[in-house]
Amino acid sequence: MKRGMIGFLLLIGILAGSSLGQAPKCTLSAHTEYDKKIKEYTTEPYFITELVDHLPLSSCVPAPDAFLHHIVGAPDVLDYTKDINAYMRLLASKSPRVKVFSIGKSEEGREMLAVVVSDERNLARLERYKEITRRLADPRGLKEEDAHKLIGEGKPIYWADGSIHSPETGAPEMLMELAYRLAVEETPFIQKIRSDSIVMITPLVETDGHDRMVDVYMHRKKHPEDPPYPLVWWGHYVSHDNNRDNLGVTLALSRNMLKTFLEWHPTVMHDLHESVPYLYIMTGTGPYNAWLDPIVISEWQQMAYYEIEEMTKRGVIGVWTHGFYDGWAPNYLLSIANNHNSIGRFYETFGNGGADTRVRTLPAESTSRDWFRPNPPLPKVKWSARNNINMQESAILFGMNNVASNGQQFLNNFYLKSHRAVEKARNEGPAAWVFPADDPRPAEQAALLNLLEMQGVEIQRTDKEFRIPAATAEASDKGRKGEDAAPAAKPDRKSSDAADKKPADTIIPAGSYVVRMDQPYSRLADAVLDTQYYNPRDPRSYDDTGWTLGALRNVKTLRVTDVSILDTPMQKVGDVTVPGGVRGEGNIYLINHNTDNTLASLRFRLASVAMEAAEEPFEVDGLKFKAGTFVIRTVDRNQLDQAAKDLGLKVHATRSEVKVSRHPLAVPRVALVHNWQNTQNDGWFRIAFETLQVPYTYVADTKLRETANLRQSFDVIILPPMGGGGPAGLSSIIRGLPRRGDPMPWKNSDETPNFVAPGLDSTDDIRGGLGYSGLANLEQFVRDGGLLIAVQTSAALPVAGAMTDMVNVTDARAMQAPGSVVLASVDDKRSPIAYGYDDKLYVYFRQGPVITVSTGLGGPGGQEGAATGRASGRGSISDPDVIQGRPYIAPEKQVKRTPREQELYIPEDTPDAARWFLPAHDAFPRVVLRFAQEKELVLSGMITGGNEIAEKPAVVDVPHGKGHVVLFATNPMWRAETMGSFFLVFNAMLNYDHLSAGVAVPATKTATASAGAEDQE
Ligand SMILES: [Zn+2]
């Protein structure tokens, strides 16, 4: 990319030089053909403004129609990425006011652009303007008077980006016309934007999905009688969620946009979306993100209301704000700007899923007059792609003109926000976040620190141990405070609460990492590491309500408010790496299981090396090892050492006898299932697997239907969340796309050249879903010894398919859980799925399902001394009743049972005939992970009615035939945020053929002895 850019800069230089000379010869005239078509394609006069009802014709710079052979917003046509990019490059080659930069490539190799449009004079000084925004972004050491000089000299940068969501197709078209208009038009309004600001345009954020969308749309246009193709892959991995990647930053588009942002520091970043009518301008209902500087909240309102007013003045109908999105979660593409002290905002215009013109009838909730929508959309209107273009382009031009006209104010605010972010440490606090040096998961710790660094956050490392008052250091995962959450920090909860005792100090060990809050991007770090409280009385949340990354990634963090930490000696570090390799002598190699995900990478990297899992904790050479520890007895030491170094894993070599029961760790053949309707959720699983280099086969539901002997090909089949849960969701999984008309191949062809790329799937026919035979094939697979992992909404499938004795799943009745971080505890420490985990784990939970385990014999409840626990009668609730007319006999004491005991409870007087219905005791389901009780359940975010899942199973392992079904009520691989839960999946996979290890049977002792004997070579 670098080489290309240099070449390109040279080219631009030559062209700019020559064009400058020719500039006076360029003339503008009316482009009557184009103007006529704008008018023709606009359905009503109240869907256009004077800014866009025409397009000037330049004698030097080709208008869009000259290149595209249609005007922007023409019906029934969309353009591919290569053509949009080529037009932008053509503009740059013909106009001295346009430069094009490549900002990186998509997963499938398509190029993303930043098209910069401004005056020739500004473009000649582009590096200087970038230098100014860079300096204002980090005002440390910058004197206030120098800052104001820079603000006076600088230009605001307005970055508009189109189509992160592939079915939303208007923006890339509009942005071509906008770039051309900004480059050539000579009205004072446009001249203002050009001379007093720098416009940046990324016409396409999601290039891969866009090209597939154009295939799908144009195919539909050419074959209106055929069943329409769904857009199976909106991008290479995920669908709509590509706009939720800014906590994990795993997609190429997120990385490219972030990198570009950190190079340019645009004042405004503006995403162009399409959904609600006709133009929604983002402010949001609140609650607004609590870590942002309040200045930016005002800027959202000011900008939105300015544009609404300008549009409304011109008689445009249906431009509004507020009541759509909330402003809470910092995970959207536009969050890149808000998280870095700039302004992130978006539009939703009314799309038509392509470039159709059709009558749209709207429901009352879209057309009602509300305080935030005094000029609402109409109940029924003919809508066109050109209307959409008119609305987007007019409003964003007002936005750009507003920023250009008030450039000093916007740059000053940017400087102020950056400045106040640096002051945060000593002003509102906290002073810093600490990542203790003795985190048992160094690889996950490093991964999180490197993610923060990629976001522009600076990381420091302490030189020596230091102490701070315990009351000023708080583990962000408050549920574990004072115990295993921060062994480095031992704040005595009681003593800090009690006034008569001196609070203990918190010890921060040498080599701990510190994220100081006196740096420009302190707010970003604070927002992602802190806990979130979301009041259920607030407006309905638009997305996740909680996201605490330390908890979700099972990495320890300490929130420190004592500012003395800022004066502690520490050094700025670059990339955080974890030392690994083999230490010690001997030819038995032990790797403690700490749930660092690179352990899974190691298993697959050294696939041919026999490895075993210890089934219990043990000690060797005075070192403690957890259950699940990898034991390797035959390996080339150098090979293992190299792999361990690369993956940051510590290996202990020993000559000592390792006396612990163990079983082989598999290298399973894993199938990851997708359907042909929606690939959103499986995409996050694919990213996790690919990042960790864990191999898998991407398999369609239709393939499962057609493959009788799945066990021959696979050991583990994973069903990521599919469908919507409940009977309707099940039905949709089994039915799939209706089998109407002819087979629908998903393959590249002349008409659909972009359907398939390496890593995606293809088929002769996408119709038919899993079918009854697919369900039967899955059941056979499990009976034959396979492991089926069913996550969230997919958990209903094996339950309905009769593969889960004693286990049921239901949808929540009244619970509202839109996406939170919740506490769970390991319920069965001997289950291989729990290997390496501490007693408690924070997991991501969203809405369900509710999993229940029961013998069906124990009756409901029983474990709590509930308030409803006795009949009406004499005395009080705790006072026994006395039945009249007979001697008093004290009632049986109510037995308290743990949730687990209650689930597996078989009353003594159960007749043998009833026991016959239950499986053998060692085939009972095992609850591996269980949600905490209601009062401890939520760490971050909002859940109402949490009693529905409190103390219920979160992960259950159910034996079936020779195999197992593992059900997840949580999503362990969610948006590259839940690294702490990944190993629940990996453990299940690596131990798929030994999941019954450690099951509570009395024979365990002898098994240990015999395994120990085997050890002696
Ligand atoms: Zn969208």
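User: A salt bridge is a side-chain nitrogen of Lys or Arg within 4 Å of a carboxyl oxygen of Asp or Glu. How many salt bridges does the structure hold?

Analyst: This is a predicted model, in which local features need pLDDT of at least 70, side-chain atom pairs count only at pLDDT 80 or more, and totals for chains, interfaces and linings use all residues. Residues are numbered from 1 along each chain as its sequence is written, and side-chain values use heavy atoms, leaving out hydrogens and water. One of the salt bridges pairs Asp-838 with Arg-441, at 3.1 Å from N to O. The number of salt bridges in the structure is 71.

User: How many residues apart are Asp-838 and Arg-441?

Analyst: Asp-838 sits in the loop between strand 34 (820–826) and strand 35 (840–845). Arg-441 sits in the loop between strand 13 (432–435) and helix 17 (442–454); helices (H or I, at least four residues) and strands (E, at least two) are DSSP runs, numbered from the N terminus. The pair thus links distant parts of the chain, and its separation is 397 residues.

User: Is Arg-441 buried or exposed?

Analyst: Buried means under 20% relative accessible area, exposed over 50%, and partly exposed in between (1.4 Å probe, protein chains only). The relative accessibility of Arg-441 is 1%, so Arg-441 counts as buried.

User: Which residues are the protein donors of the zinc ion?

Analyst: Donors are N, O and S atoms within 2.8 Å of the metal (3.2 Å for Na, K and Ca); water is not among the atoms, so sites may look incomplete. Here the donor atoms lie 2.1 to 2.4 Å from the zinc ion, and their residues are spaced H-x2-E-x104-H in sequence. The donor residues are His-165, Glu-168 and His-273.
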